[in-house]
Amino acid sequence: MGLTVSSGYAVSPQHAGVYPVHEALYNSWQSVWNISVTSTEEYPHFRPASSRRGFIHRNISVLPRQTCGLYTHTQFFHSYPDGFTKLLSNIEGGDLFFTILLNPFSIFMTHQQNYANDRLGIFSFERVVDFIRCWTNLELHWMEPARIAAGYFTRFVAEKVPIWNNPCVDPRHAKILPQALNCTDMPLPNMLIVGPQKTGSTALATFLNLHPNFSTNDPISSSFEELQFFGGPNYARGLLW
């Protein structure tokens, strides 16, 4: 059929493992499949969609993926939520239109059944492209995932370094955590003591550690008592290193 199967791009079922990061997924993508680009709707959070960002982890570019309004249950025109008129309003001046209008790089994914049945996937994107060409002066270009990633992180350099969030705070993130992890045993601190040298932070930590409800990290000989998480290579290993 001439379909390209070596684009270096892959996605994860149900978004699991991309963010919050599951190291085993990234390791297998690199060592087995030679994947260099993926995407997710979950970083840093699913909502608001306008705040979705990208990051790079283990040399794999994670691009922000947008929502097109087609899901597993929207296979036919007559079954679209709130009717066909709602679908058209989403395309012609609605959410799908503004998503493309406001994002210099747009990545969408819809389900295979939306390319069969009533072909809602093909209908939606052909219609929105026609609408954009009619009412705007935007130039639309298709690019391979690797080129999109290169262009994205050239434009948004500051997004290369991920911002780790507590996955247990977001119900969507907690739901897609790997089975080996759970929020009950998540080894994240409840408090951080931050201070420059010679400001009493070590003394404060020592006094707090005398209380039975407090415990500090184990001493690290190479960095005194500090974890050196935020300012060193440990940050790139993720929250659970």
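1. Covering here goes by contact, meaning heavy atoms within 4.5 Å. Helices (H or I, at least four residues) and strands (E, at least two) are DSSP runs, numbered from the N terminus.

2. A quick caveat: this is a predicted model, where local features need pLDDT of at least 70, side-chain atom pairs count only at pLDDT 80 or more, and totals for chains, interfaces and linings use all residues. Residues are numbered from 1 along each chain as its sequence is written, and side-chain values use heavy atoms, with hydrogens and water left out.

3. Which residues of helix 5 are buried? In this helix (residues 145-155) they are Pro 145, Ile 148, Ala 149, Tyr 152 and Phe 153. Those residues sit on the same side of helix 5, because their arc around the axis is only 115° (taken from the directions from the helix axis to the C-beta atoms). Thr 154 and Arg 155 are exposed, on the face turned away from the buried side. Buried is under 20% relative accessible area, exposed over 50%, and partly exposed in between (1.4 Å probe, protein chains only).

4. Ser 12 belongs to the segment before helix 1 (23-33). Ser 12 is buried, at a relative accessible area of 11%. Leaving aside residues up to four places away in sequence, Ser 12 touches Val 18, Leu 25 and Trp 29. A polar atom of the Ser 12 side chain lies 2.3 Å from the backbone oxygen of Ala 16.

5. The protein chain splits into domain 1 (9-159) and domain 2 (189-240), with bounds from an automatic or database domain assignment. Their C-alpha centres are 39 Å apart.

Definitions and conventions
Polar contact = N/O pair within 3.5 Å; in protein donor to acceptor, adjacent residues only side chain to side chain.
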